[in-house]
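Colleague: I would like to learn how to read the features of a model like this one, slowly and with care. Could we look at it together?

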Amino acid sequence: MFLCIVFEQASILVLTVWWCLSYYRCLLETINGSITENDKLLELIFVAKQIAILGSTGSIGRNALRVIDALGPEYQVFALSAHSNVELLAEQARRHKPRFVAVTNSEYIAQLREFLGGLDVEILAGPEGLTEIAELEEVDIVLTAVVGAAGLPAVLAAAKCGKQLAIANKEPLVVAGQLLVSEAKKNGGTILPVDSEHSAIFQAMQSGTREEVNKIILTASGGPFRGATVEDIRNVTLEQALAHPVWNMGPKITVDSATMMNKAFEIIEARWLFDMPVDKIEVLIHPESIVHSLVEFVDGSVIAQLGEPDMCLPIQYALTYPQRVAGISRRLRLEQIGNLTFEKPDFQTFRSLPLAYEVARTDGAAAAVFNAANEAAVEEFLAGGIEFVNIIELIEHCLDKHNVITSASLEELFEADAWAREEVRIKVHRSPTEKQVS
Ligand code: NDP
Ligand code: MG
């Protein structure tokens, strides 16, 4: 009894001190409008988690900042990065007061300085800036929200430093998943998925042991061309490809959703994140995007994670894991949704899906070629240089021409990546009479 009272009193005292410190911090911020030595002291007292966001100006990056804002003083923004949108980066720096900002496209450094004015923040430039951020000793969590394989060196650096990686940037996992996972494991780091399907699988997996998992079922909205035939997609426009029926995302992943390359990548992503053979990973079309993915256990039980199609929830879970806290994600009201529907994917119209299984079984540098050819082709499509159907044709062309090797070093992966990009460039930009991609 006596011990209970002492414990209760101690808890009240700790809570009161915590509240007073929070209040004091708010007061200081209001008065000074900037980070002070007192803030630093308070951060230490709170043992706040220091977060670096790679690609803070993108769709995931902007959502991540909203999530962190709502999480309160236990989560601090330590570093941010952009490629060229320095106006937004400077705005984010003024609001979130990181110690470092990086601009990966060095051409924008002068402009960034101008936008930052006299703000007390260290500036890093060039692709190396991203790696430097990922390696910063003070950083606890590296949230990777850069688009494409450009994020690979920084993600790898974070894994080698044993950081907690909250990984949205799926392309590095596609290209070098085995290496990333083994580096994180070797150096005591963790990789937590931000991709909604993989976050769902990660959550569902907690219902049993790894050995009890029978298969993974990745759901897919089906994108804007769900139900289309091979003929139908011949004439689709860029505008149609960018009009995703459910998710609001950056342009590259939106096109990837239209070709279903996004799901193809997610098959490979799941393979590495969950150490799962690809023949135990299935795709299921679910247009409402409410069931974010499912895990079937050996006893036949299927556990799914449901939620509104809102990236704030998986972003937050990757930051607060293993805790769950109240946040800003939209609440699910199933009675308003009504029906949830499911259908088999169409492997004929969306050739990216069978290709993903083939690539995953090929190993070596095939996945690097698969990804790089897609990145280069999507870039051409976004620039108006090729038709929608040419994207998959170019990927198939590169995979056919690629010399398969059994295992690939990091250097060989980069070489395969560069080769595939060049192959796409040559194929697209050769003389008009030859230009037909076949
Ligand atoms: P966006 O295009 O919206 O944002 C990309 C971010 O990366 C921006 O900050 C951009 O800077 C930066 N960036 C662009 N090019 C480079 C480069 N060469 N080097 C370094 N940084 C660069 O993408 P999303 O936020 O939609 O997607 C980010 C990643 O998350 C992708 O890998 C995607 O597959 C994955 N993902 C996204 C989801 C979503 O809902 N959006 C869902 C699940 C996964 P700047 O703004 O200056 O150009
Ligand atoms: Mg996804």
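Colleague: Which residues in H11 meet which residues in H16?

Modeller: Before the case itself, please note that this is a predicted model, in which local features need pLDDT of at least 70 and side-chain atom pairs count only at pLDDT 80 or more, while totals for chains, interfaces and linings use all residues. Residues are numbered from 1 along each chain as its sequence is written, and chains are lettered from A and ligands numbered from 1 in the order in which they are written. Helices (H or I, at least four residues) are DSSP runs, numbered from the N terminus, and two residues are in contact if their C-beta atoms, placed from the backbone, lie within 7 Å. In this structure Pro251, Lys252, Val255 and Asp256 of H11 meet Val378, Phe381 and Leu382 of H16. Sorted by class, that contact has five nonpolar, no polar and two charged residues, where Ala, Val, Leu, Ile, Met, Phe, Trp, Tyr, Cys and Pro count as nonpolar, Asp, Glu, Lys and Arg as charged, and the others, Gly among them, as polar.

Colleague: At what angle do H11 and H16 pack?

Modeller: Two packed helices are described by the angle between their axes and the distance between the axes. Axes are lines fitted to C-alpha atoms, for helices over the stretch in contact, and angles run from 0 to 180 degrees between N-to-C directions. H11 and H16 (residues 366-382) pack at about 100 degrees, with their axes 10 Å apart. H11 is therefore roughly perpendicular to H16, since angles of 65 to 115 degrees count as roughly perpendicular, under 35 as roughly parallel, over 145 as roughly antiparallel and the rest as oblique.

Colleague: How do the axes of H6 and H7 cross?

Modeller: The axes of H6 (residues 127-135) and H7 (residues 152-160) come within 8 Å and cross at roughly 20 degrees, and the two helices are therefore roughly parallel to each other. On the side of H6 the contact is made by Pro127, Leu130, Thr131, Ala134 and Glu135, and on the side of H7 by Pro153, Ala154, Ala157 and Ala158. By class, this contact has seven nonpolar, one polar and one charged residues.

Colleague: Which residues come nearest to ligand 1?

Modeller: A residue is near a molecule if its C-beta atom, placed from the backbone, lies within 6 Å of it. Of the 28 residues around ligand 1, Gly55, Gly58, Asn85, Met249 and Gly250 come nearest. H3 (59-71) and H11 (251-259) each supply at least two residues of this shell, and H3 gives the most, with three residues. The shell has twelve nonpolar, twelve polar and four charged residues.

Colleague: Where does pLDDT stay under 50?

Modeller: Where pLDDT is low, the predicted coordinates should not be read in detail. This score is the predictor's confidence in each residue, from 0 to 100. The chain has a mean pLDDT of 91, and 88% of its residues reach 70 or more, but pLDDT stays under 50 over residues 26-36, for which the model has five contacts beyond four places in sequence.
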